[in-house]
Amino acid sequence: MSDYFTVFGLPRKLGVDGEALQRRFYELSRQHHPDFHQGLDAERQAEVLDQSALVNRAYRALREPLARVEYLIALEEGREVREGATAKPKAPRELLEEMMEVQEALEEAKAAQGENLGGDAGTRLREERRRLEERYAAEATAVVGRTAEWDRLVDEGGDRRPLLEWFKQRLATRAYLRTVIGDLSDALGEREDQHVSYRRH
Amino acid sequence: MSRIVGIDLGTTNSLVAHVEGGIPRVIPDAEGRALLPSIVAWTGNGVVVGEAARRQLARNSARTVYSVKRLMGRGYDDVKDELARLPFEVTPQAEVVSIRIGDRAVTPPEVSAHVLRALKQRAETYFGEPVEQAVITVPAYFNDAQRQATKDAGRIAGLEVLRIVNEPTAAALAYGLQKLSQGIIAVYDLGGGTFDISILRVKDGVFEVLATNGNTHLGGDDFDRAMVDWLLADVKSRHHVDLSGDAEALQEIRLGAEAAKCRLSFDERTVLTIPFEGFTYHRDISRTEVEALVESLVAATLGPCRQALADASLRADQVDEVVLVGGSTRMPLVQRRVEELFGRTPHSRMNPDEVVALGAAVQAQILAGGITDMLLLDVTPLSLGIETLGGIVSVLIARNTTIPTLAKEHFTTSVDGQTTVDMHVLQGERELAKDNRSLARFDLAGIEPMPGGMPKIEVTFLIDANGILQVQARELRTGKAASIEVKPTYGLTEDQVEQMVEDSFTYAEADVEARLLIETQTEADTVLNHVERALRQARDIVGAEERAAIEAARAALRAARAGTDRDQIRELTTALNQVTAPLADRLMESAIKDAVTSKRADRLLENS
């Protein structure tokens, strides 16, 4: 199966002109969308449907810088990328110490049994959450900040593996932070919506 | 390609439209009405739809079905809370609820099929040719089962449903055709029973939905209910009568409340008068009072709006235009709340009752190849996932993913020689399977016996352009397609739909037969009445012989009228008309003579 960069006729690089990508997406949609292939027999219709689905998935994977990095990692590792895996990510080693603190705050809140979340326990939980949210945003900025470096390595033929590994680490940390932020919000009874936190950007 | 119509199958009203000379137009009925009330009544004389059914609401409440859209694709648990409020009897089946009409059980798709059939006939009368293909709209937030139920309804009505389109996006298409919008558009659609918000980017003829959200159980019906409760309490306190158990009275109050609500969108005050047995209820109602009753319901639409904006990664102030769709957006309160949220005045430059049907017609024209510069890219409103160990949902396709889209997942066996694998597919945003909407259970069968863990079965979950799921499976080692048995959790099986399609032909014929008979009998009654009156008026100018002939023809028609032989009734009606024709002429002459000196002719002509 063609990779998503190929679908858009792009090199496997992270710097993508968003407007050009959108224009191309609309063009490809006009070519492949089932709306314009009504008269075909069932087999051809199924092909059109597959093609159209491929264009849509490719656009979704490439349109945002962070999603692009995630897709690239999967592609480089030769595994299928799938959105929204809900298995809880493991805590990256670097975060273990901090997470102990968060865990403590959660225990404390549990002991207060939700009655006193307006008080000290609540204040602590909120403070932890704010800190983690900042960290969460910072991880994204850091990743996007090094995408140009990747493209340079591609152009110059340098060793990309260390950077790929670093991207992976950062994204794993980020995914973990998202889960913990969700847990904290749950404990506070403030989860903004009841949705699965599969949004990664 | 044959003609494709666009249909808005609404909770309260339905419409059919088509594109004519590049402009979408609603197809009116013979009386020029655009809206067909989505009401179906089973009367002693067959099934009636629309206005005729509305008149049955109070006097035939157990057999008159309205707002059936709220039951489409739903199980008993979903709707049991509101069943107490419906005057018709709904059977407590877990999978597909059905409505008991006498000794028949009718499912919601069958009820909707009656509405669709009426619209189909309306279009056929208008074009003078058969109409067999349609685009039908559904609320954007409808799940798979609700969409499938709508498609089933089309099939039962004898329509090939070429596309299911989301209502807010259809509205955007209708607006777009008139080149009114470019940029980021929010469509706020509050109808009779459902609420949707869709955020679109409109650019170069492409209508790209960025995010959608909503509530398929929130609309004008709920406003009416809040008013009914309030009016019931008022009747009780002022007249000391509890009408809550009186089906007929409840319908009268509901209809009165609905009408008052509509008037209050334009007037500050209105008066509600309902005559009941023994007393007349009279109530002065202000807009402020009703707004207080529905305030929390209107507020419930704002959360989904914020979520849709967040999912589209947009702030409210980045929205260029806010469009109001659906009859309930006529309420000034709704307009105020929408304006506050988006910080911009919303508009409904196109008729909010008609714009969705017009958009459906535009989409129909696109499918027919008549419009090539517009393209709608819609999204799936809910995340799709499968249940994994521990009852956790593993998301395969996230909500707001552009459709068509697909996801592949690999499965294997756990035991040696295992030949089937079952999966549970769900739709929704919650982490636990039990909190989501169960779509179906699939049995992957026909796996070759192998040691556990050896088979590699690839399952493809494809959401098509209708937002409906298709599943395919393949064993990768053998390349063989695995068979899938789908057990929809809520919905009709293929066989059931097939049966209903067949039934509909049988019943449709029976229904047509019944209606024609009624028409013929009514015609006979009219002639019999006229003749009777004429004989009374013309006592002096009828000879014995003539009178005998007329009496004989009368008696023959009366006898035939009691039977069901339509041809015989018609023949004898014609015969009676002929034998009385000379008398009618003489009466007319004498009436005209009289008219010179008196006004009696008016009365006589009026009566004839």
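Visitor: What distance separates the centres of domain 1 of chain A and domain 2 of chain A?

Guide: This is a predicted model, and in it the two centres, taken over C-alpha atoms, are 34 Å apart. The domain assignment places domain 1 of chain A at residues 4–63 and domain 2 of chain A at residues 93–188.

Visitor: How many residues of domain 1 of chain A are in contact with domain 2 of chain A?

Guide: A contact here requires C-beta atoms within 7 Å, and on that basis four residues of domain 1 of chain A touch five residues of domain 2 of chain A. The side contributed by domain 1 of chain A consists of one nonpolar, one polar and two charged residues.

Visitor: Turning to chain B, how many helices and strands are there in that chain?

Guide: Chain B has 16 helices and 29 strands, and its C-alpha trace spans about 100 × 60 × 55 Å along the principal axes. Of its 608 residues, 47% count as buried. Among the contacts in chain B with a separation of 6 or more, 68% come from residues 24 or more positions apart.

Visitor: How should I read a sheet, and in what order do S5, S6 and S7 of chain B lie?

Guide: In general, the strands of a sheet pair through backbone hydrogen bonds, in either a parallel or an antiparallel manner. In this case the open sheet has the order S6-S5-S7 (chain B), with antiparallel pairing. Strand S6 (46–49) and strand S7 (64–66) of chain B each have a single partner strand, so each has one side without a neighbour in the sheet. Neighbouring strands of this sheet are turned against each other by 15° on average, with direction ignored.

Visitor: Which residue of S7(B) is the bridge partner of Ala41(B)?

Guide: That partner is Thr64(B), and strand S5 (residues 39–43) of chain B pairs with S7(B) over three bridges. Helix H4 (residues 108–127) of chain B lies across S5, S6 and S7 of chain B, and runs at about 65° to S6(B).

Technical notes:
Residues are numbered from 1 along each chain as its sequence is written. Chains are lettered from A and ligands numbered from 1 in the order in which they are written. This is a predicted model: local features need pLDDT of at least 70, side-chain atom pairs count only at pLDDT 80 or more; totals for chains, interfaces and linings use all residues. Domain bounds come from an automatic or database domain assignment. Two residues are in contact if their C-beta atoms, placed from the backbone, lie within 7 Å. Ala, Val, Leu, Ile, Met, Phe, Trp, Tyr, Cys and Pro count as nonpolar, Asp, Glu, Lys and Arg as charged, and the others, Gly among them, as polar. Helices (H or I, at least four residues) and strands (E, at least two) are DSSP runs, numbered from the N terminus. A residue is buried if 20 or more other C-beta atoms lie within 10 Å of its own, exposed if 12 or fewer, and partly exposed in between; C-beta atoms are placed from the backbone. Two strands pair if DSSP finds at least two bridges between them. Axes are lines fitted to C-alpha atoms, for helices over the stretch in contact, and angles run from 0 to 180 degrees between N-to-C directions.
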